[in-house]
Amino acid sequence: MKWETVIGLEVHVELSTETKMFCSCPAIFGAEPNTLCCPVCMGMPGALPTINAKAVEYAAMAGLALNCAVSPYSRFDRKNYFYPDLPKAYQISQLYHPLCTNGFIEIDVNGNKKKIRIKEIHMEEDAGKLFHSDSGETKIDFNRCGIPLIEIVSEADLSDEEEVTAYLEKLKLTLEYLGVSTCRMQEGALRADINLSVKKKDETELGVRTEMKNMNSFREIRRAVKSESERQISVLENGGVIVQETRRWDEEKGVSVSMRNKENVHDYRYFPEPDLPPIVLESEWIDLVKNKIPALAHERVLKYVELFGVSHADAKIITSQRALADFFENVCTRCENVKMASNLIVTEVVRLLKDDGIQASDMKLSAEKFAQIINLADRGDINVGTAKKIIAVAFSQNIDVPDYIKSNSLEQINDELVILPVAKDVVESNPKSLSDYMSGKKKAYGFLVGQIMEQFGFKANPTKVNECLMKILDEKSGGN
Amino acid sequence: MFDITAVKIGEKIKKGELSAVDVTVATIDRINALSGHYNEFITLDVQGAVAQAERVQKGIERGEFLSALAGVPFVVKDNICVKGMKMTCASKMLENFVSPYDATVITRLRKAGAIILGKTNMDEFAMGSTGENSYFGATLNPYDERRVAGGSSSGSAVAAALREGFYSLGTDTGGSIRQPCAYCGVTGIKTTYGVVSRYGLVAHASSLEQIGPMAVDAETCAAVLDLICGKDKFDSTTVDYNVEYLNSISNDIKGLKIGVLSESFSDKTDKTLGDNVLKVCDTLKYFGAQAEMFSMPITQYTLPAYYVISSAEASSNLARYDGVRYGLRSNFCNNIEELYVNSRSEGFGDEVKRRILLGTLVLSAGYYDDYYKLALRARETVKKAFEKAFEKYDVILSPTTPKVAPKINSIIKPIDMYFGDAYTVAVNLAGLPAVSFPCGFSDGLPTGAQLIGPAFSDAKLLNIVHQYQQITDYHKKTPECKKEGQV
């Protein structure tokens, strides 16, 4: 291939602290506009910021989990620019002395492992939100203003949309496991700026880059990376030049669009924030934060495979959301048949989550209830098919499992004396299937089992059904 | 009533000899009689003050409000937030702005039972050294109405000089407390950086400024500091440093070593003014102090470094006045760009614009290293020079200003106005405490002396000035005395 793409990402992540970065307003998403504001985050005359210690801890924890060094000395700077969502007309950020430096994320794309270096992680405050009405009015909601952010700046080590996706997925998963962010992209809790350039393969110097800001969906990020890379190559191949600029990704048209030139000539006039003292961290404090880091996804995969005998593929699925992994571990403490539990999580729970379009963290089904269902199935009180049905019900409704089984008569039918006559009837009334089976068509066997199960409203013990059917068929073939 | 000090008034109120209400009403009457002349007030809250006084008086009768200044009325520079009261910063930009919260110093003074009378005139956003840069007009000097009161805490200095309230709060970014104190013949202290909370002070240059008291004498300043100092969780640049100011005021100053800053007695300084300041040494020798001239050549870099750093911070601090959320919004805007440009063009006065432009320039790419960074280095050099001087001397003495109060409209070039701060800005760059106090008169106009000390020597400085004021009476003179030919 003649061209290669060089990509660096700046990922903004909102920290899920209780209060904002520089004041004590609640840091919550989705409240009534302008109800979570005070003189500090509104930039009223005379108000001063104070540092949220929890936010520093979360940021340091993120840095440590992403293999960064946490600086013993860091401090804040002001980034000056005018915009209606920025009440002080400067954002408190970190330019000269960021909190974390020199980390990396190891990604795996189709078995190819690659280390993506992280240049730095710095802390800053989020801006407010603008709402433009059709009538040309703009309204401002300052609730988001001052929510703690970390910006994770990668080196330009990424080469395509697959790597970008792998990097972002790993980053998101790590932060979710740390519990430092909800990472809800649809709520803007994780946004990526994509810096992208292309160059000829044999050239050492990087090409001119463009930036696409505030991307918050994996799908659009993939499309944007692919499209922008193709656009730049096409421009260069046709003898054009790439201009260093910010471009807006147009989802509908599927192309990036140049923004007004003015947006691109910002001189942010950074200078040290005089209202805040430097952050000085003792190594003991950093060690304490390090010790608070929970087992991350890749560590849990190993544990599930080795300790619980879960397949590697299933373990990956279970650990794909921290809440799901926590759910699984909670279930494991409550039931013997871990294998059945992992199977039903991977097949049933994951499907139900997907159908409802929700995250495991928002799931109503509790680990206690799920374990109860597994244990009933494991003991043979209900069959696995029934267990699946009850899981689906318990997923959306608050039911008492034993009551539900009783009132819907879902108990498993184990008695051969009950099953055998029904099985005989089914075989008698399906002579075609019987003859098919006899002539070696194994599919007919499955059909007969299905028919018998149906007679019992699928509540019969499948093993017993098999035994009874085999007995009948053996008799038939012996009789001929 | 107005020839006794704030602390004495406080004692009388506590003893029941005076009521907070009577004192407040009498002070308001005095203000009403005088304030028309000098333009020292922007907002007066007569009803509010009387209501506060009634509440505090009842409290005192119940045994509450035990502070030295309970029931004693005071005035506030109009760049300090008082909840529910207009806060204009003497700017058209904030002409109708009402503060939604109390500054920490106000919270603390309210808790101590102090009575807020109103807000004083000043240079717009505390930028100026004459008191002329106010949207509401210049503040006049009570000793000579043709002259300026000094700035930027002009109204607070005049109110203190005229005893319109028993003390004033001012703010000092580069001399804004000390310089008008010198011009109006009152005492004021700029504290060590971090001693007084800046929460609720409208920021001009955050790394330089402090709120401080301005009053008739050092004793009053000490009593106020006892109430407003100390760590504040809303201002992370405050320090955890506690000392009893009023209780230290009469300490022995025997053996005190005074370094007299030779550079401040050059030909740039008025002869009589300089002589008055030198006489302070003789007076303090009475208490066993020693004095000698010394040189600190660094002072020549302080003015440029100060204006670079203060303007840089101001350009950022004043960016929030954009017409979007509060303050003036231009009627002539079709888009956000015009809203910004026109609101700021209409709302700010010339001096403020000048500093915003200067500050924006020195922080811009290509200029940052040559100006801002260089100024920061000069600032470090100034700090070190002071540290070195304080190895040898306990305090440094200089005039507060090179000259007495100039005539109104006599300073045409901004740079000439900036030279009025030549002796005060170094203190702010180094974060040190300094007191300005009256040391005599020159042609009937007050002259001010400045004592600078090492960090956290605030109580010591007030102690020295208090001793000085025990055997001098310059601080007791009032502008009315002058009119009666007593000066």
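## Terms and basis

A residue is called buried if 20 or more other C-beta atoms lie within 10 Å of its own, exposed if 12 or fewer, and partly exposed in between, with C-beta atoms placed from the backbone. This is a predicted model, in which local features need pLDDT of at least 70 and side-chain atom pairs count only at pLDDT 80 or more, while totals for chains, interfaces and linings use all residues. Residues are numbered from 1 along each chain as its sequence is written, and chains are lettered from A and ligands numbered from 1 in the order in which they are written.

## Confidence

The model scores ipTM 0.94 and pTM 0.90. Over residues 481-487 of chain B, however, pLDDT stays under 50. Where pLDDT is low, the predicted coordinates should not be read in detail.

## Strand β6 of chain B

Strands here are DSSP runs (E, at least two residues), numbered from the N terminus. Strand β6 of chain B, residues 168-172, is mostly covered, with 5 of its 5 residues buried. In a regular strand the side chains alternate between the two faces of the sheet. In β6(B), B:Ser168, B:Gly170 and B:Asp172 lie on one side and B:Leu169 and B:Thr171 on the other, and both faces are covered.

Two strands count as paired if DSSP finds at least two bridges between them. Strand β2 of chain B (residues 73-77) runs parallel to β6(B), joined by 2 bridges, and B:Val76 stands opposite B:Leu169. With strand β8 of chain B (residues 210-215), β6(B) pairs in the antiparallel sense over 5 bridges, and B:Gly170 stands opposite B:Gly212.

Notes. pLDDT is the predictor's confidence in each residue, from 0 to 100. Two residues are in contact if their C-beta atoms, placed from the backbone, lie within 7 Å. Helices (H or I, at least four residues) and strands (E, at least two) are DSSP runs, numbered from the N terminus.
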